[in-house]
Amino acid sequence: MNEISSTAKSILEKGKAGYPGIYLLSPEDARSIGDIKQAARSMDRRVFVWSFGRGFVEEPINAQALPANARKVEITPIPDSESPTQALALLLKEEEANSPRARAAGGAQAPQLPKQSAVFVLRLFHHFLEDPMIQTMLTMLVGKLKVSKRMVVILTPVIKLPAE
């Protein structure tokens, strides 16, 4: 039986409670991604990890520990998600395309991200939180995520929140 870590348990509780986003403070990036994947697996959610310059990449959550000599599968980043504003715009577009109003009107799904529930991890995003555009986009996104089974996790080793 796999023991769930305290961080994964906290993320799981917040995810099940419908939290649209959390700020995860941790100097251990790889361990934290593992905890997020563990919580996502328990919630039956996919995990997409964003990093500056690379964009969103889907992380496999069901993969067991691979042998040391196993070839790593090349993962293709989702196009047009490399910058912070592109990443948030993509998430906002996805939420708008999946809104009940858009579905009732026969609106098309945003093609880059799946419509299933997911956890979107924004690595080292603290560098961009002082930007008013980023603040506005995050505020809009959190409002939209409240009605979906999606969650944003800002994963960072430092607390760097704007005064607002």
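Leaving out neighbours up to four places away in sequence, Leu92 is in contact with Met137, Met140, Leu141 and Lys144, where contact means heavy atoms within 4.5 Å. The model is a predicted one, where local features need pLDDT of at least 70, side-chain atom pairs count only at pLDDT 80 or more, and totals for chains, interfaces and linings use all residues. Residues are numbered from 1 along each chain as its sequence is written, and side-chain values use heavy atoms, with hydrogens and water left out.

So where does Leu92 sit? Leu92 is part of helix α3; helices (H or I, at least four residues) and strands (E, at least two) are DSSP runs, numbered from the N terminus. Its relative accessible area is 6%, so Leu92 counts as buried (under 20% relative accessible area; exposed is over 50%, partly exposed in between, with a 1.4 Å probe and protein chains only).

Now for the cores. A nonpolar core is a set of buried Ala, Val, Leu, Ile, Met, Phe, Trp, Tyr and Cys residues joined through side-chain atoms within 4.5 Å. The largest one has 23 residues, and Phe56, Leu88, Phe120, Leu122, Phe125 and Val152 have the most contacts inside it.

Finally, take a look at Ser83, in the loop between β3 (55-59) and α3 (84-97). Skipping residues up to four places away in sequence, Ser83 touches Trp50 and Phe52.
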